[in-house]
Amino acid sequence: MNLADRVEVRFASGSDMSWLREMEIGKDDPQGREMLELHVRMDQVILAVLEGRTIGCLRFELLWSKLPFVSLLFIRPDEYQGQGVGRRMLGFLEDSLRQRGYRSLMSSAQTDNPRSQAWHRKMGFHEIGILYDINTDGTGEVFLLKQLAPQDG
Ligand SMILES: CC(C)(COP(=O)(O)OP(=O)(O)OC[C@H]1O[C@@H](n2cnc3c(N)ncnc32)[C@H](O)[C@@H]1OP(=O)(O)O)[C@@H](O)C(=O)NCCC(=O)NCCS
């Protein structure tokens with residue numbers, strides 16, 4: 001069985017908070033910890049778990065309270081990348097968003113991360129604009145959008 005099929009993809013819960021904190025998610029944000037707890041409570045954090053070990057995390061939030069936006073996505077360690085886990089996590093999110101009535105999904109990638117940009121395009125996103133000098137390290141951010149086609153059946 002390949003890796004993507006062996007992984008359990010699910011929403012994070014309170015018991016995942018220690019792992020999320022270990023990953024230092026939101027550590028630089030003034031309200032980082034509170035926001036993370038809120039996002040977990042609102043089913044806005046998705047994890048990929050392989051035999052009890054968390055190897056992937058996707059977090060989204062709602063721009064203008066209505067447009068889902070992927071604000072964080074990684075598969076770690078690197079050896080697990082490129083084996084379909086990111087695709088499965090994105091699919092899990094998309095199914096959940098469709099069920100909640102959303103019709104599009106936004107994401108972004110740093111301008112100096114062409115691999116992430118290419119991955120998004122492969123996953124059906126198209127580029128909708130760039131914000132220059134938006135990150136603390138001076139890099140820009142490419143924004144991408146994907147329409148969520150209704151599910152068959
Ligand atoms: C980006 C990331 C989340 C993608 O997850 P992943 O599990 O590695 O990707 P998948 O294996 O699910 O990729 C799905 C498909 O995209 C392809 N793909 C993967 N990386 C690609 C790339 N850079 N360019 C084009 N296609 C790519 C895969 O070959 C696969 O195609 P296939 O199904 O036809 O074989 C992961 O690689 C990662 O954590 N990267 C480092 C952190 C990062 O850049 N995060 C994104 C910041 S927004």
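This is a predicted model: local features need pLDDT of at least 70, side-chain atom pairs count only at pLDDT 80 or more; totals for chains, interfaces and linings use all residues.
View 1. An oxygen atom of the ligand lies 3.1 Å from a backbone N or O atom of Gln-83. For Ile-75, a backbone N or O atom is found 2.8 Å from an oxygen atom of the ligand. Arg-115 places a polar backbone atom 3.0 Å from a nitrogen atom of the ligand. On its own, the ligand has 920 Å² of accessible area, and the protein covers 70% of this area.

**View 2. Residues surrounding the ligand.** The ligand is surrounded by 19 residues. The closest of these are Ile-75, Gly-82, Gly-84, Gly-86 and Arg-87. Ile-75 also takes part through its backbone, with an N or O atom 2.8 Å from a ligand oxygen atom.

**View 3. The largest pocket and its centre.** The volume of the largest pocket is about 1,700 Å³. Its lining consists of 45 residues, of which Ser-71, Leu-72, Leu-73, Phe-74 and Asn-113 are the closest to the centre. By class, 18 lining residues are nonpolar, 16 are polar and 11 are charged.

**View 4. Elements and domains that line the largest pocket.** Strand β4 (67-75) contributes the largest share of the lining, with 7 residues. At least two lining residues each come from the helices α3 (32-41), α4 (85-99) and α5 (114-122), and likewise from the strands β3 (53-63), β5 (104-110) and β7 (141-147). Domain 1 (1-102) and domain 2 (103-153) each provide at least three residues of the lining.

Technical notes. Residues are numbered from 1 along each chain as its sequence is written. Side-chain values use heavy atoms; hydrogens and water are left out. On a 1 Å grid over the protein atoms alone, a cavity is a set of points where a 1.4 Å probe fits but cannot get out, and a pocket is an open set with protein on both sides within 12 Å along at least five of seven lines; lining residues have an atom within 4 Å of a point. Grid points are joined across faces, edges and corners, and a volume is the space filled by probe spheres set on the points. Helices (H or I, at least four residues) and strands (E, at least two) are DSSP runs, numbered from the N terminus. Ala, Val, Leu, Ile, Met, Phe, Trp, Tyr, Cys and Pro count as nonpolar, Asp, Glu, Lys and Arg as charged, and the others, Gly among them, as polar. Domain bounds come from an automatic or database domain assignment. A residue is near a molecule or strand if one of its heavy atoms lies within 4 Å of it. A polar contact is a pair of N or O atoms within 3.5 Å; within protein, one must be able to donate a hydrogen and the other to accept it, and residues adjacent in sequence count only if both atoms are side-chain atoms. Accessible areas come from the Shrake-Rupley method with a 1.4 Å probe; for residues, only the protein chains shown count as cover.
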